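Welcome! Let us look at this structure together and ask how each label was reached.

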Amino acid sequence: MEQPKPENIDQYIANFPAATQKMLQQIRETIHLAVPEAKEVISYGMPAFKQRGILVYFAGYAKHIGFYPAGSGIEAFKDEFSGYKWSKGAVQFPLDQPMPLDLINRITKFKAEHDLQKASKKK
C-alpha cells in the first residue's frame with residue numbers, strides 16, 4: 001500500500017527511520033538558518049524551500065540524502081563535491097557520513113542571492 005503524499009515537511013520526515021530523520025532535520029534547520037525568510041513547501045513530493053522561486057529541495061533515500069540546488073547551485077560548488085556522487089542538478093550525501101552542513105548552508109545562501117537577482121531583473 002502506498003503512503004499518502006506528505007502535506008508538509010514534518011509529515012515527510014516522519015516517514016523515515018530515526019537516524020535519517022535526524023539528518024533530514026539537520027538539513028532543514030541549516031536551510032532555515034541560511035535563509036530564515038524562505039517558506040517551507042512540498043514540491044514534487046519532496047521538501048523544498050521557496051523564496052521567490054524554489055531555492056533547494058532535499059529528499060531521503062535508503063542510503064543517502066539527495067540535495068537538489070538545481071544547475072546553478074551545482075555548477076557554483078562542483079569543486080566541493082569530490083567525495084560525493086553528483087549530477088548537473090543534484091548531489092547525494094551518504095547516510096553513513098556526517099552531513100556537510102556548512103556546504104549546504106553556503107549553497108542555500110548562494111541560491112537565495114541568485115533568486116533575488118533573478119527577481120530584480122524581471123522588474
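Helices (H or I, at least four residues) and strands (E, at least two) are DSSP runs, numbered from the N terminus. This is a predicted model, in which local features need pLDDT of at least 70, side-chain atom pairs count only at pLDDT 80 or more, and totals for chains, interfaces and linings use all residues. Residues are numbered from 1 along each chain as its sequence is written, and side-chain values use heavy atoms, with hydrogens and water left out.

Q: What makes up the protein chain in terms of helices and strands?
A: The protein chain has four helices and six strands. Along the sequence they follow the pattern α-α-β-β-β-β-α-β-β-α.

Q: Why is Gly73 called buried?
A: Buried means under 20% relative accessible area, exposed over 50%, and partly exposed in between (1.4 Å probe, protein chains only). Gly73 has a relative accessible area of 0%, so Gly73 is buried. Of the 123 residues of the protein chain, 42% count as buried.

Q: Where is Gly73, and which residues is Gly73 in contact with, leaving aside its neighbours within four places in sequence?
A: Gly73 sits in helix α3 (residues 70-77). Contact means heavy atoms within 4.5 Å, and beyond those neighbours Gly73 is in contact with Ile107, Phe110 and Lys111. Eleven residues along the chain separate Gly73 from Ala62, and their C-alpha atoms are 24 Å apart.

Q: How do you know that Thr30 counts as buried?
A: Thr30 has 10% relative accessibility, so Thr30 counts as buried. Thr30 belongs to helix α2 (residues 18-34). Leaving aside its neighbours within four places in sequence, Thr30 is in contact with Leu101, Ile104 and Asn105.

Q: What does the side chain of Thr30 reach?
A: The side chain of Thr30 reaches the backbone oxygen of Gln26, at 2.8 Å.

Q: Why does His64 count as buried?
A: The relative accessibility of His64 is 16%, so His64 counts as buried. His64 is in strand β4 (residues 64-68). Leaving aside its neighbours within four places in sequence, its contacts are Ala59, Gln92, Phe93, Pro94 and Leu95.

Q: Why does Tyr44 count as exposed?
A: Tyr44 reaches 74% relative accessibility, so Tyr44 counts as exposed. Tyr44 lies in the loop between β1 (39-43) and β2 (46-50).

Q: Why is Ala70 called partly exposed?
A: Ala70 has a relative accessible area of 38%, so Ala70 is partly exposed. Ala70 lies in helix α3.

How values were computed. Polar contact = N/O pair within 3.5 Å; in protein donor to acceptor, adjacent residues only side chain to side chain.
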